Amino acid sequence: MRIFGGANQQPTSAERVRTILASAHSMTMVADGHSTEVSRGNGPGPTQRIHLHPSPVDAGLTGAARTGERVPTTLEFTDVAPLPVRDRVRTRVTVIGWLISRDKAASPEGDCMEFATAVLETGTCKSSIGLDDLMAAPADPLATCEADVLTHLVEEHSHYIPLLLRLVEPRFLQLMERVVPLAIDRYGIVLRLEYALGHRDVRLPFHKTLSDAGQFSLQIQALLTTARRCSHQSRLLSGEREPGENAISRRG
C-alpha cells in the first residue's frame with residue numbers, strides 16, 4: 001500500500017485552534033487600545049474563560065478594564081514550525097472575546113477572558129470557529145510534546161525520513177531538494193517537500209488515530225513497516241545518496 005498524499009484524515013479547524021491554545025506558552029492580547037504579551041493560566045485546557053498571566057491590567061490596560069466592564073479583546077498567536085523550514089508560519093489564530101476584570105479573591109495573579117469566536121488562518125484558507133464547536137473539539141494528545149518529538153525524529157532517527165518518502169506519490173518527489181517533518185498530530189505526520197521554487201506539504205495518515213501521546217511510536221513504526229514493503233525507491237534512496245546521508249537538511 002502506498003499513500004498518495006494521505007489528506008483524508010486531518011484535524012478540523014476547531015481541533016487545530018483548541019490544540020494551539022492548549023500548547024501556546026504566550027499570546028499577544030489587544031484590549032482597550034493596548035497590546036501586551038500574556039500567558040494562559042494553568043488548567044485542563046481552554047474553556048469559555050481563559051485565565052491569563054500576568055494581569056493585562058498591570059501591564060498597562062486602562063479605562064474600562066479597570067472599572068470591571070467587559071472590554072472587547074483579541075488574543076493573537078502565530079504557530080511556528082518547530083524545525084527550520086521554508087515559510088515556518090503554519091497557522092495564525094485570533095481569539096475574539098471580552099476581558100473580564102479579575103476577582104482578586106479567586107484569581108489573585110491574573111485576569112479572565114471570555115471568548116466568543118476564533119479565526120484560524122493558514123497559507124491557503126481562513127475559517128471562523130464558533131464557541132460551541134471550539135468547546136466540543138478535543139486538544140490533540142501530541143500538542144505539548146510535538147516540538148520535542150519532531151526534533152528527536154530529525155536528530156536521532158533521520159534515516160526514517162527516506163523510508164517515509166516511499167509512501168509519497170513519486171511525481172511529488174521530482175526535483176525535490178529536501179524534506180523536513182513539518183507537523184504531527186493524532187491523525188498522522190506531515191512532511192514538507194521543498195523545491196527550488198516553492199514547497200508542498202504531504203500528510204501521511206497513521207493506521208490508527210492516536211488517543212494518547214504514548215501511541216506515537218507504535219504508529220510511526222507501522223508507517224515504516226508499510227514503507228519497507230513498497231517497491232518504489234525515492235531518489236534519496238537511489239544511487240545519488242546513501243540511505244541515511246543528509247536525508248534532512250538542517251539549514252534554516
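**Reading a helix, a pocket and a residue**

Analyst: Let us begin with burial: a residue is buried when its relative accessible area is under 20%, exposed when over 50%, and partly exposed in between, using a 1.4 Å probe and protein chains only. In helix α7, the buried residues are Phe216, Gln219, Ile220, Leu223, Leu224, Thr226 and Ala227. Seen down the helix axis, these buried residues of α7 fall within an arc of 160° (taken from the directions from the axis to the C-beta atoms), so they line one face of the helix. This is a predicted model, in which local features need pLDDT of at least 70 and side-chain atom pairs count only at pLDDT 80 or more, while totals for chains, interfaces and linings use all residues. Residues are numbered from 1 along each chain as its sequence is written, and side-chain values use heavy atoms, leaving out hydrogens and water.

User: Why do residues three or four places apart point the same way in an α-helix?

Analyst: An α-helix has 3.6 residues a turn, so residues at that spacing point the same way. As for what lies against this face, the buried residues of α7 pack against α4, α5, β8, β9 and β10, where a contact means heavy atoms within 4.5 Å. Helices (H or I, at least four residues) and strands (E, at least two) are DSSP runs numbered from the N terminus, and the chain has seven helices and ten strands.

User: Which residues are closest to the centre of the largest pocket?

Analyst: A pocket is an open set of points on a 1 Å grid over the protein atoms alone, where a 1.4 Å probe fits, with protein on both sides within 12 Å along at least five of seven lines; its lining residues have an atom within 4 Å of a point. The largest pocket holds about 1200 Å³ of space, and of the 50 residues that line it, the closest to its centre are Arg16, Asp79, Arg90, Thr91 and Ala183. Helix α1 gives the most to this lining, with six residues.

User: Is Glu76 buried, exposed or partly exposed?

Analyst: Glu76, which has its place in strand β4, counts as partly exposed because its relative accessibility is 37%. Leaving aside residues up to four places away in sequence, Glu76 touches Met27, Thr28, Val30, Val93 and Thr94. The C-alpha atoms of Glu76 and Val119 are separated by 9.6 Å, although these two residues are 43 residues apart along the chain.

Terms used: Grid points are joined across faces, edges and corners, and a volume is the space filled by probe spheres set on the points.
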